[in-house]
Amino acid sequence: FAAAMVQEPGVDPDRVYLTGLSMGGFATFHVAAARPDLFAAALPICGGGEDSMALALSTLPLRVFHGDRDRTVPVERSRRMVAAVRRCGGDVAYTEYEGVAHDSWTRTYADEQVHEWLFAQRRAPRLPQLTKGERIVFLGGAAVAAGGASGGFVARFERELRARRPQLEVQVDAAGFAGAPLAELLPRFAADSAADERTTFVVLPGAEHVPELSGDRVAAHEAFEAGVRSLLQH
């Protein structure tokens, strides 16, 4: 719906905002995580989501609101999402109303400063279009290495791209390093092949890039997020 809405006359695609309360707060987290590229900012109220959404949400300005006496949607749902997004380096502000039950939206929507902040946000610049002679590198583990073989997903992507846009003369490579820590993927690729400003990376990390942590799923999740952040800093 949002993707279709921005095509309507008079809609500024760089100033589309997402907000909702209670069940709509859950929807705000979910939709924003699924399509963060569509929105300038999101404002979920007394909702929640899954930790797996945090990395996608970290690319979007967020303000989260919840009442600490909420018995319908436990306040821990917002606290957990805020913590997860912050671990991913996200721009998120959290307001927790003392003594407020489920109705945390009346106070939020009545706050002029909330509206001023929301309408001041602009969608982040979109990625540039592919240019002639550009190189696309799929960076990941064993699945990416296999994807470069005949019939693999990387090879099929290259064939499809060349069929649809032959004038671009794009080169597509699969750089799969099985078992390597996430932070080492880009340095390993750079050691074997020089990348310049016309190289676009598609990073496909997998479970194999998470170190063994004695079955501690929380620690493994945090290690995976740290590895992604480290990779993106290169």
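Predicted model: local features only at pLDDT ≥ 70, side-chain atom pairs only at ≥ 80, totals over all residues.

Reader: How many helices and strands does the protein have?

Author: The protein has ten helices and seven strands, taken as DSSP runs numbered from the N terminus (helices are H or I with at least four residues, strands are E with at least two). Of its 234 residues, 39% are buried, where buried means under 20% relative accessible area, exposed means over 50% and partly exposed lies in between (1.4 Å probe, protein chains only).

Reader: What is the strand order in the open sheet of four strands?

Author: The order is β1-β2-β3-β4, with parallel pairing, and two strands count as paired if DSSP finds at least two bridges between them. The edge strands are β1 (17-21) and β4 (92-97), each of which pairs on one side only.

Reader: And what joins β2 to β3?

Author: Two bridges join β2 (residues 41-45) to β3 (residues 62-67), and these strands run parallel. I45 stands opposite F65 in β3.

Reader: Which strands does helix α2 lie across?

Author: Helix α2 (residues 23-34) lies across β1, β2 and β3, and runs at about 150 degrees to β1; axes are lines fitted to C-alpha atoms, for helices over the stretch in contact, and angles run from 0 to 180 degrees between N-to-C directions. Helix α4 (residues 76-87) packs on the sheet as well, touching β3 and β4, with contact meaning heavy atoms within 4.5 Å.

Reader: Which residues of α4 are buried?

Author: The buried residues in α4 are S78, M81, V82, A84 and V85. They sit on the same side of α4 because they cover an arc of only 165 degrees around the axis, the arc being that of the directions from the helix axis to the C-beta atoms.

Reader: Changing topic, is L204 buried or partly exposed?

Author: L204, which lies in strand β7 (residues 199-204), is partly exposed, with a relative accessible area of 36%.

Reader: What does L204 touch?

Author: Not counting residues up to four places away in sequence, L204 touches F138, L139, G140, G141, V144 and F153. L204 and G141 are 63 residues apart in sequence and 7.7 Å apart in space, C-alpha to C-alpha.

Notes: Residues numbered from 1 in each chain as written. Heavy atoms only, no water.
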